[in-house]
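Let's take a friendly walk through a protein model, one piece at a time. Keep the picture beside you and look for each part as it comes up.

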Amino acid sequence: MEHIFLLEDDSTLRHGIALALETTQRVITQAETLAQATKILAAETFSLLILDINLPDGSGLDLLHNLRNNGDLTPVILLTANDLELDEVIGLETGADDYITKPFSLAVLRARVNAQLRRSVPQTIGALTLGPFSFDFERMDFRRDGATIELSKTEQRLLRVLVENRGHTVPRDVLVERIWTDGAEFVEENALSVTMKRLRSKLETNPAKPDYLKTVYGIGYTWAVRL
């Protein structure tokens with residue numbers, strides 16, 4: 001499921017964009033102010049961000065600058081009425097992946113969104129080494145310091161989502177949807193916590209004080225990137 005964040009203060013344009021982009025496999029979360037956007041982005045992760053630059057309470061450029069400074073590499077498309085070449089250069093150098101000036105065709109925007117999402121699709125992980133760990137999701141071979149670790153299918157799915165998004169917090173609801181794809185609505189509330197506890201018991205030296213499988217309280221979990 002693709003999750004797109006759309007920040008645009010013009011309600012008519014915002015709803016038109018959302019209608020043009022939304023599909024059965026794509027959810028659009030909307031905001032109209034910088035304050036709303038900051039709150040939403042702190043709590044959720046997205047496949048793509050579409051940010052208006054000129055907002056009633058600030059600039060989408062400042063939001064983009066803060067995201068990139070905090071290591072967020074989510075693809076970003078900027079929308080703006082600023083059509084000078086210098087404006088586009090500033091937007092791209094701030095960290096935008098694309099820059100679209102108003103007015104624009106919804107068909108062109110949809111094509112550019114699809115292009116960004118294709119580029120951001122994670123490649124098949126295959127064999128991956130992270131610190132003392134070796135994970136091969138295709139062969140279902142998991143090791144720590146060369147010793148085999150037996151993981152259930154559910155534990156493998158949880159681990160894979162977190163490793164694919166390592167360094168980023170994955171919300172609990174997103175994890176539930178990705179892990180229990182055939183009936184997330186029927187999963188018991190504590191199922192994710194139980195699965196995480198079992199996974200930590202198999203991967204962490206001290207499961208009570210995990211080094212890798214970190215809890216981000218009130219949001220979800222992350223595979224911590226250790227430098």
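Two strands are said to pair if DSSP finds at least two bridges between them. With that in mind, Pro171 can be found opposite Gly220 in β14. One caution before going on: what you see is a predicted model.

**The antiparallel sheet**

Pro171 and Gly220 belong to an open sheet of 3 strands, ordered β12-β14-β13, with antiparallel pairing. Its edge strands are β12 (170-171) and β13 (213-216), and each of these pairs on one side only. Strand β14 (residues 220-223) is joined to β12 over 2 bridges in the antiparallel sense. The pairing of β13 with β14 is also antiparallel and runs over 4 bridges. Here Val216 has Gly220 in β14 as its bridge partner.

β13 and β14 make a hairpin with 3 residues between the strands, and in this hairpin Gly218 takes a positive phi near 85°. A helix is found here too: α8 (residues 191-203) packs on the sheet and touches β13 and β14. The direction of α8 makes about 145° with that of β13.

**The parallel sheet**

Strands of a sheet pair through backbone hydrogen bonds, either parallel or antiparallel. Now for a sheet of the parallel kind. In what order do the strands of the open sheet of 5 strands come? The order is β2-β1-β3-β6-β7, and the pairing is parallel. At the edges stand β2 (26-31) and β7 (98-101), each with a single partner strand, so one side of each has no neighbour in the sheet. From one strand to the next, the twist averages 20°.

Zoom in on strand β1 (residues 2-7), which runs parallel to β2 and is joined to it by 6 bridges. Within this pair, Phe5 stands opposite Thr29 in β2. Helix α2 (residues 34-43) lies across β1, β2 and β3 (48-52), and it runs at about 140° to β2. Helix α4 (residues 85-94) packs on the sheet as well, touching β6 (76-80) and β7, and its direction makes about 150° with that of β7.

**Two helices side by side**

Helix α4 also has a helix as a packing partner. Helix α3 (residues 60-69) packs with α4 at an angle of about 25°, and their axes are 9 Å apart. Angles under 35 degrees count as roughly parallel, and α3 and α4 are therefore roughly parallel to each other. Where they meet, Leu61, Leu64, His65 and Arg68 in α3 face Ile90, Gly91 and Thr94 in α4 as contacts.

**A helix with two sides**

Which residues in helix α1 (residues 11-21) are buried? They are Arg14, Ile17, Ala18, Ala20 and Leu21. These residues cover an arc of only 165° around the axis, which means they lie on the same side of α1. Thr12 and Leu19 are exposed, on the other side of α1. Look also at the start of α1, where a side-chain oxygen of Asp10 comes to within 3.0 Å of the backbone nitrogen of Thr12.

**Backbone details in the loops**

A few spots in the backbone deserve a look. Lys102 and Pro103 are joined by a cis peptide bond, with omega at about -5°. Pro103 is in the loop between β7 and α5 (106-120).

Met140 and Asp145 each have a positive phi, though neither is a glycine. Met140 is placed in the loop between β9 (133-136) and β10 (141-144), while Asp145 lies in the loop between β10 and β11 (147-148). Here are their values.

| Residue | Phi | Relative accessible area |
|---|---|---|
| Met140 | near 55° | 44%, partly exposed |
| Asp145 | about 50° | 63%, exposed |

**A buried glutamine**

Is Gln156 buried or exposed? With a relative accessible area of 12%, Gln156 is buried, because buried means under 20%. Gln156 is placed in helix α6 (residues 153-164). Leaving aside residues up to four places away in sequence, Gln156 touches Phe137, Met140, Phe142 and Leu151.

Notes. Residues numbered from 1 in each chain as written. Predicted model: local features only at pLDDT ≥ 70, side-chain atom pairs only at ≥ 80, totals over all residues. Heavy atoms only, no water. Axes fitted to C-alpha atoms, helices over the stretch in contact; angles between N-to-C directions. Contact = heavy atoms within 4.5 Å. Buried < 20%, exposed > 50% of the residue type's maximum accessible area, 1.4 Å probe, protein only. Arc of directions from axis to C-beta. Polar contact = N/O pair within 3.5 Å; in protein donor to acceptor, adjacent residues only side chain to side chain. Parallel < 35°, antiparallel > 145°, perpendicular 65-115°, else oblique.
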